[in-house]
Amino acid sequence: MTLPPTLPDSGQLAELHDALDLWFAQTARDLPWREPGCSPWGILVSEVMLQQTPVVRVLPVWRDWVERWPTPADLAGEPSGEAVRHWGRLGYPRRALRLHAAAVAICEQHGGNVPDTYPELLGLPGVGSYTAAAVAAFAFGRRETVVDTNIRRVHARLVLGHALPAPALTAGEMRLADALLPAAQDLSVRWNASVMELGAMVCTARSPKCADCPVRSSCAWLAAGEPPPSYTPKGQSWHGTDRQVRGAVMAVLREADAPVPREMFEQAPADLGFPPFGVGVPLAALHRLNSAPEQLGRALDGLLQDGLAEMHDGGLRLPA
């Protein structure tokens with residue numbers, strides 16, 4: 001898409017910037033990765049953990065990680081399996097492997113310091129365009145266009161009058177985000193953070209709290225009568241899926257302190273005389289899923305292929 005003809009003029013845009021800046025200063029959540037003393041490494045870890053994961057689930061795991069591994073070198077010195085183990089139940093555990101690989105690259109290529117520019121950040125393993133822009137902005141105060149799901153939704157409603165953004169990020173959305181970004185460096189960082197916060201707390205996908213919105217008088221979606229979305233977003237299923245089985249297998253591997261023979265995943269713990277504590281607890285939870293043998297096989301083979309597990313002494317374990 002091209003830029004909308006209703007793009008706010010310079011005066012209107014300045015009013016939007018000021019209104020959200022004031023709102024953010026007064027109402028922003030007190031999150032540890034927003035504290036002035038948070039290291040760039042802590043911010044990088046938070047950005048990776050927050051992908052597709054709610055803040056409430058990230059907070060305890062993030063705190064554990066930055067206490068356990070306060071620098072990239074601390075994590076790089078551990079086996080990658082330890083990153084997976086302490087990822088807990090955040091989901092999408094390949095992110096833990098990517099953070100470990102990024103820590104190694106930071107130590108080998110950047111002297112142990114998180115790089116401070118978008119191109120260098122983008123060169124780290126597992127760091128995409130969003131994460132590179134977010135870390136450059138929030139850790140180093142760079143003027144970068146940060147666009148996540150929350151920001152896309154705010155832009156769609158506020159400027160375009162759409163209930164939801166397009167199903168996938170478009171070049172037009174990036175041009176719009178560029179056009180809305182304040183020219184002043186400090187304000188651009190706060191704008192990115194405030195629009196993201198607005199999308200997370202007020203301009204939510206379902207049941208937006210429009211009465212609490214500091215820029216509701218400028219919202220094109222409200223002015224248009226809150227038209228419905230042009231498509232129905234697909235929810236992410238969980239129960240009965242391969243992802244659920246993979247997660248249950250990962251819970252066993254995180255608890256185990258020795259390789260787990262494949263037959264233990266395929267037979268109930270009671271049949272093996274396995275004690276009902278320690279690794280027996282997640283094993284029992286896995287078997288309660290009653291997944292088909294072929295589904296369990298896909299989960300085990302997929303984890304091996306993804307590098308989240310490896311065979312050792314005839315059993316599966318976290319990567320060394």
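Two residues are in contact when heavy atoms of the two lie within 4.5 Å. On that basis, among contacts in the chain between residues at least 6 apart in sequence, 64% join residues at least 24 apart. This is a predicted model, in which local features need pLDDT of at least 70 and side-chain atom pairs count only at pLDDT 80 or more, while totals for chains, interfaces and linings use all residues. Residues are numbered from 1 along each chain as its sequence is written, and side-chain values use heavy atoms, with hydrogens and water left out.

**Overall make-up**
- The chain has 17 helices and three strands; these are DSSP runs numbered from the N terminus, helices being H or I of at least four residues and strands E of at least two.
- The C-alpha trace spans about 70 × 45 × 35 Å along its principal axes.
- Of the 320 residues in the chain, 44% are buried (buried is under 20% relative accessible area, exposed over 50%, partly exposed in between, with a 1.4 Å probe and protein chains only).

- Three strands form an open sheet in the order β1-β3-β2, with antiparallel pairing (two strands pair if DSSP finds at least two bridges between them).
- Its edge strands are β1 (260–261) and β2 (310–312), each of which pairs on one side only.
- Strand β3 (residues 315–317) runs antiparallel to β2 and is joined to β2 by three bridges.
- M311 has L316, in β3, as its bridge partner.

**Aromatic pairs**
- Rings of Phe, Tyr and Trp (its six-membered ring) pair if their centres lie within 6.5 Å; planes under 30 degrees apart are stacked, over 60 edge-to-face and the rest tilted.
- By this rule there are three aromatic pairs.
- The pair of W33 and W62 is edge-to-face, because the ring centres are 5.4 Å apart and the planes stand at 75°.
- W33 lies in the loop between α1 (10–27) and α2 (40–49) and W62 in helix α3 (residues 55–68), so the pair ties together parts that are 29 residues apart in sequence.
- Both W33 and W62 are buried.
- W65 and W69 also form an edge-to-face pair, with 4.9 Å from centre to centre and 85° between the planes.
- W65 and W69 are both buried, and together with W87 they form one aromatic cluster.

**Arginines over rings**
- R68 lies over the face of W69, 5.9 Å from the ring centre (a charge sits over a ring if NZ of Lys or CZ of Arg is within 6 Å of the ring centre and within 35 degrees of the ring normal).
- R157 lies over the face of W221, at 4.8 Å from the ring centre.

**Around H86**
- H86 is in the loop between α5 (80–85) and α6 (94–109), and is buried at a relative accessible area of 19%.
- Leaving aside neighbours within four places in sequence, H86 is in contact with V61, D64, W65, R68 and W69.
- The side chains of H86 and R68 make a polar contact at 3.4 Å (a pair of N or O atoms within 3.5 Å; within protein, one must be able to donate a hydrogen and the other to accept it, and residues adjacent in sequence count only if both atoms are side-chain atoms).

**Around R152**
- R152 lies in helix α9 (residues 149–160) and counts as buried at 10% relative accessibility.
- Not counting residues up to four places away in sequence, R152 touches V147, P165, A166, P167, A168, L169 and E173.
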